[in-house]
Amino acid sequence: SPIFLGISGVLGSILQSFKRFFVYSIAPIFYNLGIIIGALFFSRFVGVYGLALGVVFGALLHMAIQIPSVMSLGYRYRWVFDLKNKGLQKILKMMVPRTLGLIISQINFFVVTIIGSTLAAGSITIFNLANNIQSFPLSLFGVTYAIAVFPTLSELANDKKRFVSTFSLVTRQILFLIIPSTALLIVLRAQVVRAILGSGRFDWEDTVLTLQAVTFFAISLFAQALILVLARAFYAQKDSKTPLYTGAIAAIFNIVAAISLGKIFGVVGLCLAFSLSSILNFILLFLVLHYRLGKLDGEKIVFSTGKILVATFMLAIVAQAVKYPIEKILGTTTFFGIATQATVASIFGLAVYILICWLLNSEELSLFIQAVKKKLLKNPELPKEIIEQEKITT
């Protein structure tokens, strides 16, 4: 399966560079489909080995679904073995720091796991579960925007003005989406954790520890999301060393903080250490990029963030106020009651968020709505800045 997924990764990178994101985005669905087929059908004939075959089959589908789109772009396979190829040399040069960065990240989590194993029983499980929950909005808004904007940043690497403008636009759009998501996750953390995990032997004490862990993870969601864009801003400039250095500093800080805070707060201390190290990494990357480019449209980012924070504050108040009456009506002992409470509170909170952003004349809301309209109505008469936004968000 690593062979198929490795080839698929190359094919996916080709599609991304041509801004073809749809097929790339559905490839994981086919990967999971292969695993399901292995579990349901292959296992009937070869037992547990059927699960392994399902993974291989899923990896094959992950690769195969992308081949037609790559071929339509003009790709044709041919055997070439040229170690002096300039493109290959550039990739190898940039790959080493990137690989080291991934190794440092894995060592970081490995050490945190060791630290977690010295704490109360179940600490590692709670840490991982909380991390998985906070990863959903991160993947939805941070990862998708970072992947989508990378080709554009690469194209504009030598055009400083448009590079900064695009970076600023994507940063503001991510904050427009990730900050209210963070507020909802914190306000509705108990409902989210209980809806997802609150069954079986997962008791109330486990729920409390997990929702506390989710809270401390969530406070750095903005930093985690923007780190993904900042790193790609450096990659677009053919610099993979800076993210390695800042990541190493943040990892060392995380380990030291995890040891100290873990002794005081337990597993929640590990989550707090992770968040603080993420914020540190974000600050370092932002300062270096600011120093290199001279400016990053900081005033506009700060001004827009102020509007977003005001609207998010009202979102949190409304969501908090709405969930209590529903709790009295439906209770908190059933999945339906908890899910309804979270859903209705989210709807009212988001409605107020959009309203306040509209009253404050938020540019990010306007761009987001018009980009959606263009996608749904296929309106060719939208302004130039909306077209540029569409290129990023597609």
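Tyr-353 is buried, because its relative accessibility is 3%. The model around it is predicted. The ring of Tyr-353 pairs with that of Phe-176. Their centres lie 5.6 Å apart, the planes make an angle of 40°, and the pair is tilted. Phe-176 belongs to helix 7 (residues 160-187) and Tyr-353 to helix 14 (residues 335-359). The two are 177 residues apart, so distant parts of the chain are linked here. Phe-176 counts as buried too, because its relative accessibility is 4%.

A second pair joins Phe-222 and Phe-282. Their ring centres are 5.8 Å apart and the planes stand at 80°, so this pair is edge-to-face. Phe-222 sits in helix 10 and Phe-282 in helix 12 (residues 267-293), so parts 60 residues apart in sequence are tied together. How covered are the two rings' residues? Phe-282 is buried because its relative accessible area, 15%, is under the 20% limit. Phe-222 has 27% relative accessibility and therefore counts as partly exposed. Across the whole structure, a search finds eight aromatic pairs. Phe-109, Phe-127, Phe-217 and Phe-274 also form one aromatic cluster.

After helix 10 comes Lys-238, with a positive phi near 60°.

Next, the nonpolar interior. Nonpolar side chains tend to be buried together in soluble globular proteins. In this model the largest nonpolar core has 76 residues. Ile-174, Ile-178 and Leu-289 have the most contacts inside it. Helix 7 gives the most to this core, with 14 residues. What does Ile-174 touch, leaving aside its neighbours within four places in sequence? Its contacts are Phe-141, Tyr-145, Ile-179, Ala-225, Leu-226 and Val-229.

The volume of the largest cavity is about 40 Å³. Its lining consists of Val-112, Thr-113, Gly-116, Ser-123, Ile-124, Phe-127 and Leu-270. Helix 5 (86-117) and helix 6 (123-155) are the elements that give two or more residues to this lining. Phe-127 of the lining is also a member of the aromatic cluster.

Two loop residues complete the tour. Asp-297 lies between helix 12 and helix 13 (298-330), in the loop. Its phi is positive, near 60°, in a residue other than glycine. Is Asp-297 exposed, partly exposed or buried? Asp-297 is partly exposed, because its relative accessible area is 25%. Asn-361 also has a positive phi, about 60°, and is not a glycine. Asn-361 is placed in the loop between helix 14 and helix 15 (363-377). At 62% relative accessibility Asn-361 is over the 50% limit, so it counts as exposed.

Notes: Residues are numbered from 1 along each chain as its sequence is written. This is a predicted model: local features need pLDDT of at least 70, side-chain atom pairs count only at pLDDT 80 or more; totals for chains, interfaces and linings use all residues. Side-chain values use heavy atoms; hydrogens and water are left out. Helices (H or I, at least four residues) and strands (E, at least two) are DSSP runs, numbered from the N terminus. Rings of Phe, Tyr and Trp (its six-membered ring) pair if their centres lie within 6.5 Å; planes under 30 degrees apart count as stacked, over 60 as edge-to-face and the rest as tilted. Buried means under 20% relative accessible area, exposed over 50%, partly exposed in between (1.4 Å probe, protein chains only). A nonpolar core is a set of buried Ala, Val, Leu, Ile, Met, Phe, Trp, Tyr and Cys residues joined through side-chain atoms within 4.5 Å. Contact means heavy atoms within 4.5 Å. On a 1 Å grid over the protein atoms alone, a cavity is a set of points where a 1.4 Å probe fits but cannot get out, and a pocket is an open set with protein on both sides within 12 Å along at least five of seven lines; lining residues have an atom within 4 Å of a point. Grid points are joined across faces, edges and corners, and a volume is the space filled by probe spheres set on the points.
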